[in-house]
Number of protein chains: 2
Amino acid sequence: MSDGAAPPPVAGRGRRPPRAGGDDRELAILATAERLLEERTLGAISVDDLARGAGISRPTFYFYFPSKDAVLLTLLDRVAAEADATMGAVFDTPAAGPREAWQRALAAYHETFRRHRALTVAWAEARSTSEAVRTLWGEVFERWVQRCATAIEAERARGAAPAGPAARDLAIALTSMNERVIYGSLSGDGPAVADADVVPVLLRVWLAAVYGDEPH
Amino acid sequence: MSDGAAPPPVAGRGRRPPRAGGDDRELAILATAERLLEERTLGAISVDDLARGAGISRPTFYFYFPSKDAVLLTLLDRVAAEADATMGAVFDTPAAGPREAWQRALAAYHETFRRHRALTVAWAEARSTSEAVRTLWGEVFERWVQRCATAIEAERARGAAPAGPAARDLAIALTSMNERVIYGSLSGDGPAVADADVVPVLLRVWLAAVYGDEPH
DNA sequence: GAACGAGTCAACAGGGTGTCGAGCTACGGC
DNA sequence: GCCGTAGCTCGACACCCTGTTGACTCGTTC
């Protein structure tokens, strides 16, 4: 928690001192991780695999990253940033109508994770192993929930959406659905919605949940 | 894969020959697993912990179970059976109205997993590790989806629910939501819906998704 | 050209899994 | 009564993975 007086430019996840030249090695490790994740699950990849893939020995790996999880975390940071950025862009661009807006948001969310299929699946796997991964996901999730809750409240305030459960709870439930449905369609185990149907189905549920009156 | 000619009464998961007396040990292992899961995560429990907890040595453990996962699987089989039974009971008992019916189904589902909090959390964790666990969950999930899809189709057929996405896709999306929201509220990491609000919020979304017309 | 620090790795310590083979115990048959 | 057999038990082993240590190289910098 205490950064010394010297400037620690990048903070924590990567190499201890973020200076100097062996940068390629760090990149090579990250690239190797991403490549191996395309073919095996995270648990089936050892530090040795990562090191060899990057052309270094196992101890040298530890010079660059404190653990296998840290590598994943670095990769995940990128995806998280990308997801946040995309989401921000979508929420800030005005849309033709509410349906349009939600549709675009869902499609962007889906597309972001689809583009990083292997990483997304590994993310879910590592969530049970690593506190840090869990936390990172929690943050991404929380930001998404907050944006959605705010949007729902705005729709209610302008009379477009009826009152209902706490906007935050609704947002959590619907975001949970997104997460699980998208993960299911990407991971391919168990019953899943076909890739092309993911967004339409999610959209339908979102619209019904946000704008639908209490039926019966 | 080939069971000989002799009757193999229980099949597979537990002790190799399901005969004779050391039954208590097997039970002791299962009890130990359940107890330890209350305090630590599955990954933090070793075969040695299980063995010692049951008062036997590690090699002896392997006489009763082929692996740590097999123990969990045995425990999970029970929960799966219980979930199926509860679900069956709920779907078969006629209710006052549709809202009542869905409400009861969701509450039963929630209650089943809440009663086995530690196991449910371990289940999610083991899904990334063990093919068998993944499969078992897939089966439970699939049964739930089928029942729901059937129910949705019935509601549509009698004109109570409007047309919409394929009933199966809708059922998958909503069941995914259940799974994730309930897991979130049980595991306690990340943003979650408070325990008492889980069923009301889920119910609201289900009803809106099944009975709500396409808005706008 | 000595001192320094980034970068590298062989070797080790430690902990986990799963297996093998030798021993123990009880019980039915002879 | 003793013997074989089958259930049961564990010490010792082989193996794999993680993370650390300490010594060594090599390019800079003064």
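This is a predicted model: local features need pLDDT of at least 70, side-chain atom pairs count only at pLDDT 80 or more; totals for chains, interfaces and linings use all residues.
A residue is termed buried when its relative accessible area is under 20%, exposed when that area is over 50%, and partly exposed in between. Asp189(A), with a relative accessible area of 31%, is therefore partly exposed.

The contact between the chains draws on 41 residues from chain B and 41 residues from chain A. About 3600 Å² is buried between chain B and chain A, and carbon and sulfur atoms give 65% of this area. On the side of chain B, the residues that lose the most area to chain A are Arg180(B), Pro191(B) and Arg204(B), which together make up 21% of what that side buries.

Between chain B and chain A, four salt bridges are counted. In one of these, the side chain of Glu179(A) meets that of Arg180(B), with an N to O distance of 2.6 Å. Four helices of chain B each supply at least two residues to the side that touches chain A, namely H6 (117–127), H7 (131–157), H8 (167–187) and H9 (198–211). Helix H8(B) gives the largest share of that side, with 11 residues. By residue class, the side of chain B that touches chain A consists of 21 nonpolar, six polar and 14 charged residues.

A further salt bridge joins the side chains of Asp189(A) and Arg134(B), at 3.7 Å from N to O. This pair crosses between chains: Asp189(A) lies in the loop between H8 and helix H9 (198–211) of chain A, whereas Arg134(B) belongs to helix H7 of chain B. Arg134(B) has a relative accessible area of 21% and so counts as partly exposed.

Over all chains, the structure holds 28 salt bridges. Side chains of opposite charge can pair when their charged atoms come close. Within chain A, the side chains of Arg168(A) and Glu142(A) form a salt bridge with an N to O distance of 3.1 Å. This pair links distant parts of the chain, since Arg168(A) is in helix H8 of chain A and Glu142(A) is in helix H7 (residues 131–157) of chain A, 26 residues apart. Arg168(A) is classed as partly exposed because its relative accessibility is 34%. Also in chain A, a network of salt bridges links Glu82(A), Glu111(A), Arg114(A), Arg115(A) and Asp195(A).

In chain B, a salt bridge is formed by the side chains of Glu111(B) and Arg115(B), at 3.8 Å from N to O. These two residues are separated by about one helical turn because they are four residues apart in helix H5 (residues 98–115) of chain B. Both partners are partly exposed: Glu111(B) has a relative accessibility of 28%, and Arg115(B) has one of 47%.

Gly184(A) is placed in helix H8 (residues 167–187) of chain A. Its relative accessibility is 5%, so Gly184(A) counts as buried. Leaving aside neighbours within four places in sequence, Gly184(A) is in contact with Asp189(A) and Ala192(A). The C-alpha atom of Gly184(A) is separated by 10 Å from that of Val198(A), a residue 14 residues apart from it along the chain.

Ser185(B) is found in helix H8 of chain B. At a relative accessibility of 18%, Ser185(B) also counts as buried. When residues up to four places away in sequence are not counted, Ser185(B) touches His110(B), Ala192(B), Val193(B), Asp195(B) and Val198(B). Between the C-alpha atoms of Ser185(B) and Arg117(B) the separation is 9.8 Å, although these residues are 68 residues apart along the chain.

Two annotated regions of chain A come from the UniProt record. An unreviewed entry assigns "domain: HTH tetR-type" to residues 23–83 of chain A. Over residues 23–83, chain A is 77% helix and 0% strand, and the end C-alpha atoms are 26 Å apart. For residues 46–65 of chain A, UniProt lists "DNA-binding region", again in an unreviewed entry. In the model, residues 46–65 of chain A are 70% helix and 0% strand, with 13 Å between the end C-alpha atoms.

Note on methods:
Residues are numbered from 1 along each chain as its sequence is written. Chains are lettered from A and ligands numbered from 1 in the order in which they are written. Side-chain values use heavy atoms; hydrogens and water are left out. Contact means heavy atoms within 4.5 Å. Buried area is the accessible area (1.4 Å probe) that two parts lose on being put together, summed over both. Ala, Val, Leu, Ile, Met, Phe, Trp, Tyr, Cys and Pro count as nonpolar, Asp, Glu, Lys and Arg as charged, and the others, Gly among them, as polar. Buried means under 20% relative accessible area, exposed over 50%, partly exposed in between (1.4 Å probe, protein chains only). UniProt positions are given in the numbering used here, feature names are shortened, and annotations may be inferred rather than shown by experiment.
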